[in-house]
Amino acid sequence: MSVFHVTRRDFLRTSGVAAGGLTLGVGFTASALGSAQAPDPTELNAFVHIAPNGDTVLYCGRCEMGQGISTALPAAVADELEADWSRVTVLQGDGDAKYGPQNTGGSKSINVMFTPMREAGAAAQAMLVTAAAQRWNLPVDDCYADNHVVRNRQDDRQLGYGELAADAAKLDVPDSPRLKQPDQFRYIGKPLPRHDMADVVTGRRTYGADTRIPGMKYAAIRHVPVMGGAVKSFDATAARAMPGVVDVIAIDRFENAYGSLGGIAVVADTTWQARKALDAVQVEFEPGPHGGYDSSAYKAELVSRVEQPCEKTHERGDLAGVFDAAQSRHKATYTGGHLSHSPMEPMASTVWVREDDVEVWASTQDPAGIQRTLGAFLGREPESITVHVMMAGGAFGRKFKCDYVQEAAALSRAVGAPVHLTWSREEDTRTGYYHSLSAQHIEASMDAEGNVTGWLHRAAFPAIRTTFDPSVDRPSADDLSAVSDHPYGIANMQVESGLSPAHTRIGWYRAVYAIFYGYAINVFTHELAEKAGKDPLDFYRQIYANNTNPEQAEQVQRSLGVLNLAAEKAGWGRELPDGQGLGIAVHHSFESYLAMVVHAEVDGDDIKVHRVDCAVDCGLVLNPDQATAQMEGAVMMGMSLALYTEVSFREGAVVNSNFHDYPVLRSNEAPPEINVYFTNTDARPTGLGEPGVPTFAPALAGAIYAASGVRHRDLPIKPMTV
């Protein structure tokens with residue numbers, strides 16, 4: 001996933017009059033976007049619109065999928081604008097490069113957009129103040145913005161933003177608008193309620209699945225169940241005779257990383273008619289080259305590979321030498337299964353392919369990806385395809401991939417009408433893009449004082465790049481950088497990559513590789529602490545303190561900061577009843593640092609989590625309420641994957657089908673107490689969407705071991721899959 005950093009030099013502004021108001025945009029150069037889709041720097045979009053009556057519309061270019069980004073970023077604009085939040089309406093920007101990078105993932109929305117969005121607000125505020133000064137014939141310094149008006153310091157006259165907007169729009173945009181100091185923030189750092197909270201809780205918020213277009217038809221689909229397979233034959237005679245059926249259409253596999261697997265679709269007057277007719281279609285599939293894939297057997301195969309020498313990707317020091325001289329050595333292998341995103345809103349999109357243009361309504365994390373994929377599929381210029389970015393009912397990385405949009409486009413083109421396609425839960429579970437299963441083997445040596453002197457880490461898992469290049473057959477050095485760059489103080493290290501070609505579609509999943517790296521590294525650390533006869537918290541402190549590399553000093557400091565904070569707040573070391581224990585874990589990913597302490601109780605097979613204490617260093621926290629909610633959600637997702645979730649394949653196809661055999665955590669299983677603590681510094685804000693997930697499973701494993709003496713090295717701990 002690309003990381004975009006927009007610098008001041010990449011930040012261009014323009015203004016213009018729209019309906020008598022002021023619009024102000026942010027432009028991004030191609031170098032800033034790092035993409036061929038970058039707009040010309042002179043193409044600008046409006047993030048701020050002030051109507052003549054003062055009502056203000058702020059646009060968000062990032063996809064809202066429950067994480068609160070459509071409040072956090074506009075609030076940063078409003079803060080610098082000195083806007084009255086009660087007069088602000090937030091709208092979602094359509095998929096257009098003029099809104100800058102809209103690729104919503106990798107915990108990059110705040111990271112990338114915070115400063116440019118603040119500058120957009122600050123520039124608008126400065127122009128409004130200048131317009132007022134000119135109106136009053138005063139020096140600019142005698143005027144200032146204050147909660148949606150500009151005031152005159154000499155006689156306290158004031159003018160509303162709406163009164164000034166048209167004049168302000170005629171002014172030059174300041175090259176370097178002055179930003180507030182943290183102690184001047186009105187909204188940043190405050191618990192501002194989500195702008196759409198009332199609509200969400202009352203059901204008025206419109207999601208992608210809610211799209212309705214006049215003349216729209218509805219579709220259901222059954223996919224080829226095995227990657228690389230095909231429809232061998234089908235008989236739609238009975239289906240075509242059923243009420244409301246418009247057509248039964250075979251969709252070919254599209255040779256694009258985000259294209260359809262292929263399958264059979266029914267277009268009808270209602271979704272119910274389409275699904276009933278689809279059940280009546282007789283289909284025979286060709287399994288293709290991956291028809292023999294069995295995920296359990298493959299996991300065992302990966303274990304055997306990582307327990308033997310693999311391809312070396314990183315080395316430093318003299319690992320063989322310290323292994324030979326070690327006071328003690330320890331080794332262990334950790335595994336995890338495939339995971340499904342399973343958002344509450346399954347894949348849904350509406351597409352209208354017309355002769356001259358194409359219009360899309362979809363819950364998507366990547367509207368530019370839709371434009372590229374549909375452009376290639378339909379033979380249109382990507383820029384000619386309009387993508388309306390709808391609220392997503394969960395995504396977790398799945399809605400980066402637009403196979404479901406390409407399918408709706410194929411159906412719309414076939415029937416000559418807008419088509420609304422909704423995948424069933426079963427199709428979503430069985431034919432998605434999956435988090436990779438993996439095997440991690442670690443060996444370490446220690447000296448007489450319990451210091452780790454050498455570390456060997458072998459990993460084998462089908463990499464995400466296999467979805468783009470099927471010839472990829474093992475993790476790359478970049479895929480393993482989370483191990484080689486880890487801030488533990490270990491002078492001698494070797495990292496190796498094991499053969500692991502993909503047999504299904506592998507995709508980004510919330511926290512991505514940090515899930516299995518965080519689990520293996522932390523649980524192995526717990527085991528080393530036990531071998532050294534030390535408390536896990538003390539052992540963490542020791543292994544970080546042994547890092548004398550000045551280039552990793554900040555990583556060490558911030559890792560220790562969250563570790564100590566979580567331990568202190570959780571009362572690490574306190575006495576607990578028999579059968580209960582505390583576990584601790586720390587990990588940094590996506591530029592944020594996080595530590596968790598889990599308090600769990602074990603009674604036979606029954607595992608209860610009583611309390612979770614979570615410490616986070618993500619720099620400046622824009623909205624404490626939303627950030628806390630992000631972490632609470634991450635705990636719930638981390639608990640699901642730690643205890644239950646695993647997708648199983650047999651004969652190339654997914655065996656699971658719905659939440660009864662791919663269970664996610666239920667409300668009654670949620671920890672009764674989740675405490676979140678932020679270091680909340682003035683450092684550049686980083687993301688929170690991903691980093692909260694990886695630390696839960698190893699912290700829980702530590703708590704289970706403390707409570708029961710049972711060490712778990714495979715995820716999920718309590719598999720409830722078929």
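Modeller: Both faces of strand β20 are covered in this predicted model. On one side Ser438, Gln440, Ile442, Ala444 and Met446 are buried, and on the other Ala439, His441, Glu443 and Ser445 are buried as well. The count for the strand, which spans residues 438-446, is accordingly nine buried residues of nine.

The neighbours of β20 come next. Strand β15 (residues 328-336) runs antiparallel to β20 and is joined to it by nine bridges. Within this pairing, arginine 329 has serine 445 of β20 as its bridge partner. Strand β21 (residues 452-460) also pairs with β20 in the antiparallel sense, over eight bridges. Here alanine 444 stands opposite tryptophan 455 of β21. β20 and β21 form a hairpin with five residues between the strands, and in that hairpin glycine 450 adopts a positive phi near 80 degrees.

As to the charged pairs, side chains of opposite charge can pair when their charged atoms come close. Over the whole structure, a search finds 41 salt bridges. One of them joins the side chains of glutamate 82 and lysine 180, with an N to O distance of 2.7 Å. Glutamate 82 sits in the loop between α2 (69-81) and β5 (88-92), and lysine 180 in the loop between α4 (161-168) and α5 (197-201), so this pair ties together parts that are 98 residues apart in sequence. Glutamate 82 counts as buried because its relative accessibility is 9%, under the 20% limit. Lysine 180, with a relative accessible area of 11%, is buried too.

A second salt bridge brings together the side chains of arginine 372 and aspartate 366, at 3.7 Å from N to O. In this pair arginine 372 is partly exposed, at 36% relative accessible area, whereas aspartate 366 is buried, at 7%.

A further example lies within a helix. The side chains of arginine 541 and aspartate 538 meet in a salt bridge of 3.6 Å, N to O. Both residues belong to helix α15 (residues 536-545), where they are three residues apart, about one turn of the helix. Arginine 541 is partly exposed, with 34% relative accessibility, and aspartate 538 is likewise partly exposed, with a relative accessible area of 41%. Elsewhere, salt bridges with shared partners join Asp79, Glu82, Asp146, Arg151, Lys180 and Arg186 into one network.

Conventions
Residues numbered from 1 in each chain as written. Predicted model: local features only at pLDDT ≥ 70, side-chain atom pairs only at ≥ 80, totals over all residues. Heavy atoms only, no water. Salt bridge = Lys/Arg side-chain N within 4 Å of Asp/Glu carboxyl O. Helix = DSSP H or I, 4+ residues; strand = E, 2+ residues; numbered from the N terminus. Buried < 20%, exposed > 50% of the residue type's maximum accessible area, 1.4 Å probe, protein only. Pairing = 2+ DSSP bridges.
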